Amino acid sequence: MSSTSARRPDGARDRDSEGRARNARPRDGLGRPLPYGADGVPRQPEGVVRTPAETVAEAQALLDAGRPFHAHEVFEDAWKTRPDAERTLWRGLAQLAVGLTHAARGNTTGGARLLRRGAGAVTRWTTETGVRDPHGMDTAALVGWARELADAVEDGTAGPVDAAGRAPRLRGGS
């Protein structure tokens, strides 16, 4: 059984309230599963419908706290609940948060790849819509932050990535 298995110590699979398989193990601040019974950080509830302002504020607080995996879950809720015209934007922001997560976990290849993928999605969305500061976010600064961090992670100049220390500013520069 792998260390990230969704089975409890009694061998049964974890299930959510609707009976779907869902890993209920506690998680650390970067979203890594911990052993059953360990103290973890609170998980983000899934499927929460937030206003764009609430999404940005909650994601920024999580990024500032060094919890980009959890910020990704907030962006994922927006991606799934906001209008279709904004899907690419929110998905790109989720990818930026996951890229930071992987970089902070030491996964340089995955981190750089996801940071670039997210930057590409945000750039594509702003180009297609002509909107440069959706919901008060500075997309040019976010894209610049992501590309700079991806380069630094890949070439080794980033060193160990501190998720809180390298978190972007969603509004007003990074």
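The model is predicted, so local features need pLDDT of at least 70, side-chain atom pairs count only at pLDDT 80 or more, and totals for chains, interfaces and linings use all residues. Residues are numbered from 1 along each chain as its sequence is written, and side-chain values use heavy atoms, with hydrogens and water left out.

The protein chain has a mean pLDDT of 90; pLDDT is the predictor's confidence in each residue, from 0 to 100. A value of 70 or more is reached by 88% of the residues. Over residues 1–5, pLDDT stays under 50. For that stretch the model has seven contacts beyond four places in sequence, where contact means heavy atoms within 4.5 Å.

The secondary structure comprises five helices and zero strands. Helices (H or I, at least four residues) and strands (E, at least two) are DSSP runs, numbered from the N terminus. The order of elements from the N terminus is α-α-α-α-α. Of the 174 residues in the protein chain, 46% are buried. Buried means under 20% relative accessible area, exposed over 50%, and partly exposed in between (1.4 Å probe, protein chains only). Among contacts with a separation of 6 or more, 56% join residues 24 or more positions apart.

Helix 3 (residues 87–105) packs against helix 4 (residues 108–129), with axes that come within 7 Å and cross at roughly 160°. Helix 3 is therefore roughly antiparallel to helix 4. Axes are lines fitted to C-alpha atoms, for helices over the stretch in contact, and angles run from 0 to 180 degrees between N-to-C directions. Angles under 35 degrees count as roughly parallel, over 145 as roughly antiparallel, 65 to 115 as roughly perpendicular and the rest as oblique. The crossing of helix 3 with helix 4 is left-handed: the near helix is turned anticlockwise from the far one by less than a right angle, whereas clockwise would be right-handed. Helix 3 contributes residues including Gly92, Leu96, Gly99 and Ala103 to the contact. Helix 4 contributes, among others, Gly111, Leu114, Gly118 and Trp125. By class, this contact holds 12 nonpolar, eight polar and two charged residues. Ala, Val, Leu, Ile, Met, Phe, Trp, Tyr, Cys and Pro count as nonpolar, Asp, Glu, Lys and Arg as charged, and the others, Gly among them, as polar.

The axes of helix 3 and helix 5 (residues 139–155) come within 11 Å and cross at roughly 25°. These two helices are therefore roughly parallel to each other. Helix 3 passes helix 5 in a left-handed crossing. Leu93, Leu96, Leu100 and Ala103 of helix 3 meet Leu142, Trp145, Ala146, Leu149 and Val153 of helix 5. The contact has nine nonpolar residues, with no polar and no charged ones.

Ala103 lies in helix 3. Its relative accessibility is 5%, so Ala103 counts as buried. Beyond four places in sequence, Ala103 touches Gly111, Val153 and Val161. The C-alpha atoms of Ala103 and Pro160 are 8.2 Å apart, across 57 residues of chain.

Thr126 belongs to helix 4. Thr126 is buried, at a relative accessible area of 7%. Leaving out residues up to four places away, Thr126 touches Val131, Arg132 and Thr139.

His135 sits in the loop between helix 4 and helix 5. Its phi is positive, about 55°, although His135 is not a glycine. Most residues other than glycine have a negative phi. His135 is partly exposed, at 28% relative accessibility.
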